[in-house]
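Subject: Structure handover and notes

Hello,

Here is the structure we spoke about, with my notes below it. Please read them with the coordinates open.

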Amino acid sequence: DNALAGAVRRAKTRCFISTPYFVPPPSLSRALQDAARRGVDVRVLTAGQTDRAVARWAGWHRFERFLRAGVRIFELFGRILHSKTMTVDGAFGSIGSYNMDAWTIRHMLDLNLLIASSDVARSIEEEFQDDMPDAKEIMLEEAEDRDPLHRLAHGLTYHAYRWL
């Protein structure tokens, strides 16, 4: 988490993340929002279909905040997303089993390999772009227009998910 947040804080042009469960810890959340606010192209590809629906609901609780900051969020449909990758500025890549969620930090022994290589970053970015035709971008209006019951469910799920 700290290494990923640090890399995002140093991003100048772009940061692409692919993760099935997007409920990032506070330090990474802040880094992503700050990067987007300073003009970095921050894109997150997460699962639209998942084996852990509670993670998807928890993630939706914070989507509005990310979208307002300028982070672009996409949900992948048509297949299950297993990739857990990140690239920064086409020079740095991260590949591993870390899901970028609080559950992983507390309960799993996941890790990512951090690689300072433009070749690796380019390969990860190509795979990210290959997934885009099957992804739906979440727009701010969609997040804002959730009905109150969904908002409540997303919020409760988020808080329970973070502290379990």
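Helices in these notes are DSSP runs of H or I with at least four residues, numbered from the N terminus. By that numbering, Leu152 sits in helix H7, which covers residues 148-163. Please keep in mind throughout that this is a predicted model.

Aromatic pairs. The structure contains three aromatic pairs. Two of them are described here.

The ring centres of Phe16 and Phe128 lie 4.9 Å apart and the planes meet at 10°, so this pair counts as stacked. It joins distant parts of the chain: Phe16 is in strand E1 (residues 14-18) and Phe128 in helix H5 (residues 118-131), 112 residues apart. Phe16 is buried, at 6% relative accessible area, and Phe128 is also buried, at 3%.

For Phe22 and Phe66, the centres are 5.1 Å apart and the planes are at 50°, so the pair is tilted; the tilted class takes what is left between stacked, under 30 degrees, and edge-to-face, over 60. Phe22 is buried, with a relative accessible area of 2%. Phe66 is buried as well, with a relative accessibility of 2%.

Thr87. This residue is in strand E4. Thr87 has a relative accessible area of 0% and is therefore buried. What does its side chain make a polar contact with? The partner is the side chain of Glu125, at 3.3 Å. Beyond neighbours within four places in sequence, the contacts of Thr87 are Arg14, Cys15, Phe16, Phe92, Gly93, Ala121, Ile124 and Glu125. Phe16, a member of the stacked pair, is thus among the residues that Thr87 touches.

Ile80. This residue lies in the loop between strand E3 (72-76) and strand E4 (85-88). Its relative accessibility is 40%, so Ile80 counts as partly exposed. Setting aside residues up to four places away in sequence, Ile80 touches Gln49 and Thr50. The C-alpha atom of Ile80 is 8.1 Å from that of Gly48, a residue 32 places away along the chain.

Regards

Key. Residues numbered from 1 in each chain as written. Predicted model: local features only at pLDDT ≥ 70, side-chain atom pairs only at ≥ 80, totals over all residues. Heavy atoms only, no water. Helix = DSSP H or I, 4+ residues; strand = E, 2+ residues; numbered from the N terminus. Buried < 20%, exposed > 50% of the residue type's maximum accessible area, 1.4 Å probe, protein only. Contact = heavy atoms within 4.5 Å. Phe/Tyr/Trp six-rings, centres within 6.5 Å; stacked < 30°, edge-to-face > 60°. Polar contact = N/O pair within 3.5 Å; in protein donor to acceptor, adjacent residues only side chain to side chain.
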